[in-house]
Amino acid sequence: MLKGHLDMIVLAALAAGPAHGYAVIEEIKRRSSGAFELPEGTIYPVLHRLEHAGLLAGRWTTAESGRRRRVYELTKRGKRELGERRAVWEQFSEAIAGLFKGSRSWQSPT
Amino acid sequence: MAEPDVITECVDRLARKLAFDPALARRMRREAEDHLWEDVAADPAGGGPEAERRAVEKFGDPDALAAQLAVVSLARQARGVGVVTICGIAAVFVAMKARLTSYAATEYASGHGGRLGDIVVSIDRCAFWLAIVVAIGGWVYIGTRRVPPALTSEYRRQIRRFAVVCLAGAGALIASVIGDGVLTSLRLGRTRGSLDVLIPVVSMAIEAACAGALVRSIRGMAQRVTATGRIAPLE
């Protein structure tokens with residue numbers, strides 16, 4: 001399930017501001033209270049794909065350590081896309097919550 | 001000789017898997033190195049081989065990562081080929097128009113060589129329109145395919161189909177350029193060296209360069225599709 005929403009998760013993490021891959025994954029962990037466990041490298045194909053789709057813009061910077069670092073940020077299109085995905089998600093989430101509210105908890109017959 | 005550390009080993013393995021796209025391999029090497037060393041620096045144990053091993057473990061399998069990155073690489077390459085195809089056809093059209101305008105301005109080079117010329121003109125027109133139709137078809141085909149999160153044999157098949165369509169378009173464009181070459185030779189064969197031949201010759205050179213660029217770009221894409229065959233597709 002997590003894989004199907006990775007694009008939205010990464011876009012949401014970058015809504016806070018520009019960040020490099022490691023910072024994005026840390027932000028996801030922090031904001032989800034560690035609920036999303038995924039191989040950290042998985043973030044890069046997502047970042048590359050979103051950049052290719054024009055939802056993110058990347059630029060090279062030099063970190064304090066002297067290493068070259070690619071920093072990503074949301075483009076205008078990316079912000080719009082995030083807004084749309086968020087609206088769809090909230091609608092879906094409300095619908096599921098409504099379903100659960102009307103159901104009794106299931107008990108095992110044994 | 002000193003053993004390479006686990007981070008260098010992991011990054012090297014990833015770069016080797018991405019060798020089909022040198023720019024992507026270089027970029028991923030930098031990004032992965034930065035990520036892993038940053039993780040080591042943030043390790044509560046304060047670095048060392050154990051922290052490096054943990055960072056590599058958390059980073060994930062380089063082979064699986066390469067399969068996910070290969071899709072982005074192929075999608076980017078396919079879009080590049082699409083752009084080269086459309087721009088190439090547009091440039092050939094502009095070059096053709098420029099040549100015809102220059103003919104209209106020079107009275108001595110009127111007509112295009114009798115019956116042979118008429119046949120070549122027909123072939124040229126058909127080939128050029130065919131190139132346009134095929135290019136648009138290819139563009140629509142690849143534009144409507146969903147880019148999967150990781151490389152699948154189905155996506156590789158789609159890119160191959162796109163390469164075949166582009167090749168057909170390039171073939172038609174080359175036929176059109178050859179037709180233009182024949183017509184230009186028929187016209188210029190009757191002139192005796194003048195500055196007026198400059199535009200036809202330059203425009204022909206532009207057409208030939210566009211056709212060459214298109215073939216080179218399709219060849220590059222086909223090579224990349226073949227090279228990604230070494231990465232196990234994740235179904």
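User: Read along the sequence, what pattern does chain B follow?
Analyst: This is a predicted model. Chain B has seven helices and zero strands. Its pattern along the sequence is therefore built from helices, DSSP runs of H or I. Chain B reads α-α-α-α-α-α-α.

User: Is chain B spread out or a compact globule, and what is its radius of gyration?
Analyst: The C-alpha trace of chain B spans about 85 × 35 × 30 Å along its principal axes. For 235 residues the globule rule gives 18 Å, and chain B is well over that, so it is more spread out than a compact globule. The radius of gyration of chain B is 26 Å.

User: Of the contacts in chain B with a separation of 6 or more, what percentage comes from residues 24 or more positions apart?
Analyst: Of the 235 residues of chain B, 37% count as buried. Among contacts with a separation of 6 or more, the share from residues 24 or more positions apart is 83%.

User: Which helix of chain B supplies the largest share of the side that touches chain A?
Analyst: The contact involves 21 residues of chain B and 18 residues of chain A. On the chain B side, α2 (22-42), α3 (49-59) and α4 (62-105) each supply at least two residues. The largest share is 10 residues, and it comes from α2(B).

User: How many residues on the side of chain B that touches chain A are charged?
Analyst: That side of chain B divides by residue class, with 10 nonpolar and three polar residues. The number of charged residues there is eight.

User: Which elements of chain B do the buried residues of α3(A) pack against?
Analyst: Helix α3 of chain A, residues 43-52, is mostly covered, with eight of its 10 residues buried. Among the buried ones are Ile43(A), Tyr44(A) and Leu50(A). Within chain A they pack against α1 (6-14), α2 (21-31), β2 (56-62) and β3 (68-74). From chain B the elements are α2 and α4.

User: Which strands are at the edges of the open sheet in chain A?
Analyst: The sheet has three strands in the order β1-β3-β2, with antiparallel pairing. β2(A) and β3(A) pair over seven bridges, and Arg59(A) has Val71(A) in β3(A) as its bridge partner. The edge strands each pair on one side only, and they are β1 (19-20) and β2 of chain A.

User: Is Leu198(B) buried or exposed?
Analyst: Leu198(B) is in helix α7 of chain B, residues 198-227. It has 10 other C-beta atoms within 10 Å, and a residue with 12 or fewer counts as exposed. Leu198(B) is therefore exposed.

User: How far apart in space are Leu198(B) and Arg216(B), C-alpha to C-alpha?
Analyst: In sequence, Leu198(B) and Arg216(B) are 18 residues apart. Their C-alpha to C-alpha distance is 27 Å.

Methods:
Residues numbered from 1 in each chain as written. Chains lettered and ligands numbered in written order. Predicted model: local features only at pLDDT ≥ 70, side-chain atom pairs only at ≥ 80, totals over all residues. Helix = DSSP H or I, 4+ residues; strand = E, 2+ residues; numbered from the N terminus. Rg over C-alpha atoms; globule rule 2.2 N^0.38 Å. Buried ≥ 20, exposed ≤ 12 C-beta atoms within 10 Å, placed from the backbone. Contact = placed C-beta atoms within 7 Å. Nonpolar A, V, L, I, M, F, W, Y, C, P; charged D, E, K, R; others polar. Pairing = 2+ DSSP bridges.
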